[in-house]
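Please read this short report alongside the sequence and the 3D view.

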Amino acid sequence: MRMKKKTTAAASGAAKRRKGASTARKSGPGRTGSKAAGSKGAGIKGAGTKAAGTGASMRGAVTSGDKSTIRRLRAQLARAQARIEELQASAETDFLLGILNRRGFERELVRSLSFIKRYQASGALIVLDVDRLKPINDAFGHAAGDEVLKKIVAAISDQVRASDVVGRLGGDEFAVLLWNLSETDARAKAAALEDAIDRLTFVFRDSRVSAGASAGVAILTAHSDIDRVLDEADRAMYVRKAQRRHESQENPRAG
């Protein structure tokens with residue numbers, strides 16, 4: 001009887017030990033694995049967040065760099081355009097007199113003819129040739145001749161409007177582009193310009209001299225082109241020059 005109880009007790013103890021071992025195997029590794037897995041997952045999540053933050057920071061830096069580059073390039077472009085305009089203005093301006101040279105004046109004339117053709121506007125071209133500049137240069141030097149040209153430009157500018165254009169075609173030849181006036185008014189303006197220049201007097205080496213100018217007129221129409229109007233005004237100017245020379249010979253005091 002005691003043997004049976006002992007055997008039963010031993011069997012019961014062995015069963016409890018097996019159950020405890022089974023429970024330990026089930027609970028121990030499971031908790032450890034769960035914790036490790038959780039730590040690993042948290043690590044991956046943290047690394048992903050850090051990588052995302054770094055990427056966003058890099059994108060922000062690239063965007064900021066791009067904007068800075070764009071601003072710098074725009075500033076360089078603006079400076080280049082300003083320089084181009086400055087060089088163009090210099091290339092189209094008479095250095096001595098501060099008015100348009102032939103290139104600049106012809107550009108304005110082409111633009112004006114296009115406007116006249118499109119809007120049926122009116123205008124006139126006056127070409128003036130200084131009559132006695134060469135004798136002044138020969139007698140008193142080119143500095144004296146330059147002074148004469150400056151005073152002539154000032155006299156012409158006083159006779160025209162701000163919307164009109166004055167240019168030097170070369171040497172002692174000038175041109176004036178006039179807007180919105182009839183042929184009669186254009187010829188009257190040419191006569192007024194001649195008179196204003198004729199009244200100029202200069203003193204060089206205690207000698208009083210005058211210059212004078214002859215003016216020719218061409219009317220601008222929708223059918224005009226630059227070569228034709230320049231040639232027409234130039235021919236009219238030479239006709240006027242011959243007329244003034246003839247008048248001067250008949251009346252020396254008028255010259």
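The text below goes from the sheet to its helices and then to a single residue.

The model is a predicted one. Four strands make up an open sheet, arranged in the order β2-β3-β1-β6, and their pairing is antiparallel. Because β2 (165-170) and β6 (213-220) stand at the edges, each with a single partner strand, one side of each has no neighbour in the sheet. From one strand to the next, the twist averages 20°.

Within this sheet, β2 and β3 run antiparallel and are joined by five bridges, and G167 stands opposite A175 in β3.

Two helices are described relative to the sheet: α2 lies across β1 (123-130), β2, β3 and β6, while α4 packs on the sheet and touches β1, β2 and β3. The table gives their residue ranges and their directions relative to β3.

| Helix | Residues | Angle to β3 |
|---|---|---|
| α2 | residues 102-119 | about 25° |
| α4 | residues 142-159 | about 10° |

The residue to look at next is E173, which is found in strand β3 (residues 173-179). E173 is buried and yet has no salt bridge. Leaving aside residues up to four places away in sequence, E173 touches R102, V127, L128, D129, R168, D234 and M237.

Terms used: Residues are numbered from 1 along each chain as its sequence is written. This is a predicted model: local features need pLDDT of at least 70, side-chain atom pairs count only at pLDDT 80 or more; totals for chains, interfaces and linings use all residues. Side-chain values use heavy atoms; hydrogens and water are left out. Buried means under 20% relative accessible area, exposed over 50%, partly exposed in between (1.4 Å probe, protein chains only). Lys and Arg count as positive and Asp and Glu as negative; His and the chain ends are not counted. A salt bridge is a side-chain nitrogen of Lys or Arg within 4 Å of a carboxyl oxygen of Asp or Glu. Contact means heavy atoms within 4.5 Å. Two strands pair if DSSP finds at least two bridges between them. Axes are lines fitted to C-alpha atoms, for helices over the stretch in contact, and angles run from 0 to 180 degrees between N-to-C directions.
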